[in-house]
Amino acid sequence: MPTTSPLHQPVTPLSPAGERPAVPVVAAGAGVGVALMLGSALSSQVGAAVGALAFPAIGALGVVAVRQWVAGAVLSVVVRPRPWRLTAAQWRPVLLLAVVSSTMNLSLYAAVHRIGLGLAVTLEFLGPLAVALAASRRRGDLGCALIALAGVVVLSRPQPTTDRTGIALGILAAGCWAAYILVNRELGVRVPGGTGPATAAAVSALAFLPIGVTVLVRHPPSPQTVGLAVTAGVLASAVTLLVDLVALRRVPAGTYGLFMSVNPVLAAVVGLVVLRQTLPWESWLAIAAIVSANVVSQLLARRRPQRLDRSGRRVRGSGRRR
């Protein structure tokens, strides 16, 4: 939900934890890893859908505040960061990550409120896809970019019912996810381990404390609404974080990035089942186009072998045909 320069290697979309293993490892239980990844993706989308059920009472802002509180608490317990040891140079990417992740979650949930879960997550998914394509020098990725662009045109084409604000929020979430990946990489260089993301989550949770309290005081929620918001935070943040950490020990990072493509599809299905949000056939085609663009891009990246050092950096010259 942190490694090297974003412009010189294929990019794997990061989990909300902002981490991936330094050296990809395939364990004997790779099948279990795939099941865990599917469970993580499903948990994330169901969490977002459950959070949407609380929108009428406390709005997207209230739900996001609770989600940030849960994420901050879970990461603080799991990682046990020591922020007092950070230098000024290390605090800069930490604070930037806190701002980016907060804006990403708020813009995504606001987009879900306006245009539905499936379309919002699909638009957000353009962020990691754009970073991966920008890092590539392969001709085939130009075709992937054109396919994804066609999908965006279909999703955002002007119609009498087009919610342009919702689309803009989805694209903002995509930009924030792209920034989230790049900032995490810089953070991984300056602050090894999970201290950086955990501290950023704690900062974000503290920043949302007065905002969330204000929303809850002005719009007193029922116990059911509080339960929905907390459930959303647990499923979309805590469960996803912990399951991803286990899954990434069983499958290569490239496989994880490829499997991320299932999220827009799951979001559309969960939106239909949980929220009764139906999509026209052309929107399903657009989702398929964007997902296919990512799948092809990831497969093309995996065709070129790369040598990684122990820190996960690509060895200069690796993956190039001589």
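Guide: Gly116 follows helix H3, and its phi is positive, near 95°. Please note that this is a predicted model.

Visitor: How do you know that the span of H3 agrees with the value for its 28 residues?

Guide: At 1.5 Å a residue, H3 should span 40 Å; its end C-alpha atoms lie 40 Å apart, and therefore the two values agree. Helix H3 (residues 88-115) also has the highest confidence in the protein chain, at a mean of 94, whereas helix H10 (residues 253-259) has the lowest, at 69.

Visitor: What is the pLDDT over residues 1-28?

Guide: Over residues 1-28 the pLDDT is below 50, although the model gives this stretch 103 contacts beyond near neighbours in sequence. Residues 307-312 likewise stay under 50, with 17 contacts beyond four places in sequence. For the protein chain the mean pLDDT is 79, and 79% of its residues reach 70 or more.

Visitor: What makes up the secondary structure of the protein chain?

Guide: The protein chain has twelve helices and zero strands. Of its 322 residues, 52% count as buried. The chain exposes about 14800 Å², of which carbon and sulfur atoms supply 67%.

Visitor: Why is the pair of Phe55 and Tyr109 called edge-to-face?

Guide: A pair of aromatic rings is described by the distance of the centres and the angle of the planes. By the rule used here, there are two aromatic pairs. For Phe55 and Tyr109 the ring centres are 6.2 Å apart, within the 6.5 Å limit, and the planes stand at 65°, over the 60 degrees required, so the pair is edge-to-face. This pair links distant parts of the chain, with Phe55 in helix H2 (residues 55-79) and Tyr109 in helix H3, 54 residues apart. Both Phe55 and Tyr109 are buried.

Visitor: Why is the pair of Phe125 and Trp177 given the name edge-to-face?

Guide: The ring centres of Phe125 and Trp177 are 6.3 Å apart, and their planes meet the cut-off of over 60 degrees with an angle of 70°; the pair is therefore edge-to-face. Here too distant parts of the chain are linked: Phe125 belongs to the loop between helix H4 (117-124) and helix H5 (126-134), and Trp177 to helix H7 (residues 164-190), 52 residues apart. Both Phe125 and Trp177 are buried.

Visitor: Why is Gly194 called buried?

Guide: Gly194 has a relative accessible area of 15%; buried means under 20%, so Gly194 is buried. Gly194 is found in the loop between H7 and helix H8 (195-218). Gly194 and Arg80 are 114 residues apart in sequence, and their C-alpha atoms are 8.7 Å apart in space.

Visitor: Why is Pro252 called partly exposed?

Guide: The relative accessible area of Pro252 is 21%, which falls between the limits of 20% and 50%, and Pro252 is therefore partly exposed. Pro252 lies in the loop between H9 and H10. Pro252 and Gly33 are 219 residues apart in sequence, with 9.6 Å between their C-alpha atoms.

Visitor: How do you know that the length of helix H9 is close to the expected value?

Guide: Helix H9 (residues 223-247) has 25 residues and reaches 34 Å from its first C-alpha to its last, close to the 36 Å expected at 1.5 Å a residue. H9 also has a kink of about 35°, centred on Thr240.

Notes. Residues are numbered from 1 along each chain as its sequence is written. This is a predicted model: local features need pLDDT of at least 70, side-chain atom pairs count only at pLDDT 80 or more; totals for chains, interfaces and linings use all residues. Side-chain values use heavy atoms; hydrogens and water are left out. Helices (H or I, at least four residues) and strands (E, at least two) are DSSP runs, numbered from the N terminus. Buried means under 20% relative accessible area, exposed over 50%, partly exposed in between (1.4 Å probe, protein chains only). Accessible areas come from the Shrake-Rupley method with a 1.4 Å probe; for residues, only the protein chains shown count as cover. pLDDT is the predictor's confidence in each residue, from 0 to 100. Contact means heavy atoms within 4.5 Å. The expected span of a helix is 1.5 Å times one less than its number of residues. The bend at a residue is the angle between axes fitted to the seven residues ending there and the seven starting there. Rings of Phe, Tyr and Trp (its six-membered ring) pair if their centres lie within 6.5 Å; planes under 30 degrees apart count as stacked, over 60 as edge-to-face and the rest as tilted.
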